Amino acid sequence: MLRAAATALAAILLIAADNAPQPAIRLNQLGFQPGSPKHAVAADPSPTVLLWSVTDAGGAVAAHGSTSLFGDDPVSGDHVHQLDLSAVKQPGTYRLTVGANTGRPFVVAPDVYRPLARAALNYFYQTRAGTPIEARFAGGAQWARPAGHPHEIAPCFSGTDESGTVWPGCGAYKRDVTGGWYDAGDQGKYVVNGGIAVWTLQNLYEVERTIPETKRFTHGAELVPNQGKLDPLLVEARWEMDFLLAMQVPDGTHMQLPVGRQAWNAKMTLSDVDASGMAHHKVADLHWTKLPMPPQDDPEPRLLYPPTTGATLNLAATAAQCARIWKTIDPVYSARCLDAATRAFDAALRNPAIYTGNFTGSGGYGDPNLADEFYWASAELFATTHDPLYADVLHRVHFFTDPVHEPGWGSTAALGTITLALTDGALSAPEQAAQRKLIVAAADGFLAEEARSGYRLPYASANYSWGSNSSLLNRAILLGLAARFTGEARYRDGMVDVMDYILGRNPLDESFVSGFGARAMHNPHHRFWAHMLDPHLPPPPPGVVSGGPNNGRPADDIARTMGPCAPQRCWQDHAFAYSLNEVAINWNAPLLWVAAYLDDTR
């Protein structure tokens with residue numbers, strides 16, 4: 001196994017050296033598993049089909065055929081020919097020739113996704129706050145650094161926000177919120193975005209528990225400090241979970257908070273609120289720091305920002321999930337998580353409409369609609385406790401029967417549906433089957449879009465919004481679950497199509513994941529992985545996914561100077577392009593989930 005992995009990695013590294021742009025051929029730059037579908041695209045103006053052939057390392061023809069003409073594709077801006085190379089199943093290194101153009105080498109190997117899955121998990125270790133990052137776990141000395149924000153005992157924000165609201169602060173109240181993950185290119189730590197990210201890691205563990213340990217992507221490797229005999233997924237998720245628990249307001253605490261729906265960009269009215277059990281929205285810098293800025297050099301004051309109902313429900317959901325997972329592994333920690341979850345849910349019921357203010361210096365993560373968070377939290381609590389109280393909440397919320405859509409930090413209903421579909425013994429068998437059918441129906445809708453996509457994506461829209469790659473990867477999670485529930489390979493094939501796009505089968509001929517592929521992203525918007533801005537700082541480590549194309553309203557100077565672009569081409573690999581090329585924990589989490597699933601099920 002080790003020899004095979006080394007051979008595959010060597011081939012991938014060889015391909016990575018061939019990083020010149022290609023005139024026409026687009027395919028997954030990481031490679032393909034032998035039994036998986038293998039699709040490529042040729043961007044060629046020919047109005048008629050083209051002949052293609054695949055040759056092995058010795059020059060022998062392994063497969064040949066003619067392209068399928070898709071034609072003009074407004075989403076990519078290309079005249080598209082599609083190719084199916086799935087007849088190539090023997091492990092090895094190959095080249096594809098289409099018409100007069102020959103592409104760079106590509107690999108067929110069973111374990112192509114294992115290094116990617118491990119690197120995507122390592123991203124979370126490298127974005128830890130409050131602890132030194134060690135070279136032996138980071139992949140080299142260039143990524144090692146001192147602890148950022150150690151001993152983070154933060155007071156509440158007091159002062160005037162961007163909308164003119166005056167926040168009185170919390171007096172002598174402070175919280176020790178050391179640890180957790182930095183959110184993205186900045187060094188804020190947010191309960192809302194941390195919630196969906198840690199949920200995704202914990203959910204991957206729940207899915208993987210049904211797979212023999214020897215087949216999991218983590219098998220036989222020490223991937224995080226203090227791993228011992230635990231699954232490194234759990235060790236890493238607990239690092240963030242501990243931070244979320246620390247963000248909970250102690251019982252008996254009153255604060256001045258905005259009650260009810262108020263305009264976030266106008267001065268808010270504050271009222272005395274019993275904030276017991278709620279969760280602070282975030283801990284972050286008072287002002288935006290410049291780029292670059294290694295976390296250990298951050299000069300800004302670190303502050304706790306007021307509790308919100310959204311953050312409280314994120315804590316309730318993830319802590320309930322935590323309690324379920326750790327019940328037999330660490331019963332004391334499980335009980336702590338369950339206590340936090342129930343207290344948070346009670347606090348959200350008591351304060352159902354407390355929203356964030358308009359603060360500078362960090363991300364907003366404001367969500368005006370919390371019905372999906374209530375549904376998600378009640379689903380997690382019911383799956384863990386089987387308490388009829390939470391079942392009653394579930395059945396009263398329309399998401400229990402609504403069509404499922406890919407999740408995001410502000411649209412979390414699908415997370416609840418996934419948990420109910422996966423958890424045996426909570427719902428009745430017919431109701432659990434109904435939840436699974438909702439996921440399969442969503443996956444069917446995604447696959448139906450492939451016929452309308454020039455680059456064969458389970459997404460045919462021309463709307464590529466901020467973080468578009470994460471939306472695609474979250475669709476791939478739903479496809480993977482549909483494959484699990486039905487046993488039908490076509491859903492897993494749709495996951496492969498998403499990964500093909502992320503890893504190079506796109507009109508830019510770019511792998512959006514650092515360190516993987518011949519033309520991999522290497523200049524993210526990040527304050528430490530900022531080699532483009534300071535040659536003394538490192539590039540990103542392998543396994544970090546870019547937010548991806550964004551043809552919405554341009555938010556940064558790079559995006560504003562790009563001019564008109566086809567939706568899939570609205571991207572640049574630039575450190576200042578935060579609306580195109582930032583990285584984030586909630587984006588890397590689905591990359592990890594999908595890469596691990598494809599490796600585990602190979």
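Let's start with C570: with a relative accessibility of 3%, C570 counts as buried (buried is under 20% relative accessible area, exposed is over 50%, and partly exposed is in between, using a 1.4 Å probe and protein chains only). Keep in mind that this is a predicted model, so local features need pLDDT of at least 70 and side-chain atom pairs count only at pLDDT 80 or more, while totals for chains, interfaces and linings use all residues. Residues are numbered from 1 along each chain as its sequence is written, and side-chain values use heavy atoms, leaving out hydrogens and water.

**The disulfides**

The partner of C570 is C565, and the two form a disulfide.

How are the bonded cysteines paired when numbered in sequence order? The pattern is 1-2, 3-4, 5-6.

Here are the bonds side by side:

| Disulfide | S to S distance | S-S torsion and hand |
|---|---|---|
| C156 and C170 | 2.2 Å | about -90°, left-handed |
| C322 and C337 | 2.2 Å | about 50°, right-handed |
| C565 and C570 | 1.9 Å | about 110°, right-handed |

Take C156 and C170 next. Their S-S torsion is about -90°, so this disulfide is left-handed. The bond links distant parts of the chain, 14 residues apart: C156 sits in the loop between β10 (153-155) and β11 (159-160), and C170 in the loop between β12 (166-167) and β13 (174-176). Those element names come from DSSP runs, numbered from the N terminus, with helices being H or I of at least four residues and strands being E of at least two. As for accessibility, C156 is buried at 12% relative accessible area, whereas C170 is partly exposed at 24%.

Then there's the bond that joins C322 to C337. The torsion about its S-S bond is about 50°, so it is right-handed. C322 belongs to helix α6 (residues 309-326) and C337 to helix α7 (residues 331-350), so this pair ties together parts 15 residues apart in sequence. Are these cysteines buried or exposed? C322 has 0% relative accessibility and counts as buried; C337 also comes out at 0% and is buried.

**Backbone spots worth a look**

Most residues other than glycine have a negative phi, and most peptide bonds are trans. A few places in this model go the other way.

Which residues does a cis peptide bond join? L291 and P292 are the pair, with omega at about -5°. P292 is found in the loop between β18 (282-285) and β19 (302-304).

Positive phi values turn up too. H386, which is not a glycine, has a phi of about 60°. You'll find H386 in the loop between α8 (371-385) and α9 (388-396), and its relative accessibility of 39% makes it partly exposed.

D509 is another non-glycine residue with a positive phi, near 55°. Where does D509 lie? Look in the loop between α13 (489-502) and α14 (557-560). While H386 is partly exposed, D509 is buried, with a relative accessible area of 2%.

Technical notes:
A disulfide is a pair of cysteine sulfur atoms within 2.5 Å.
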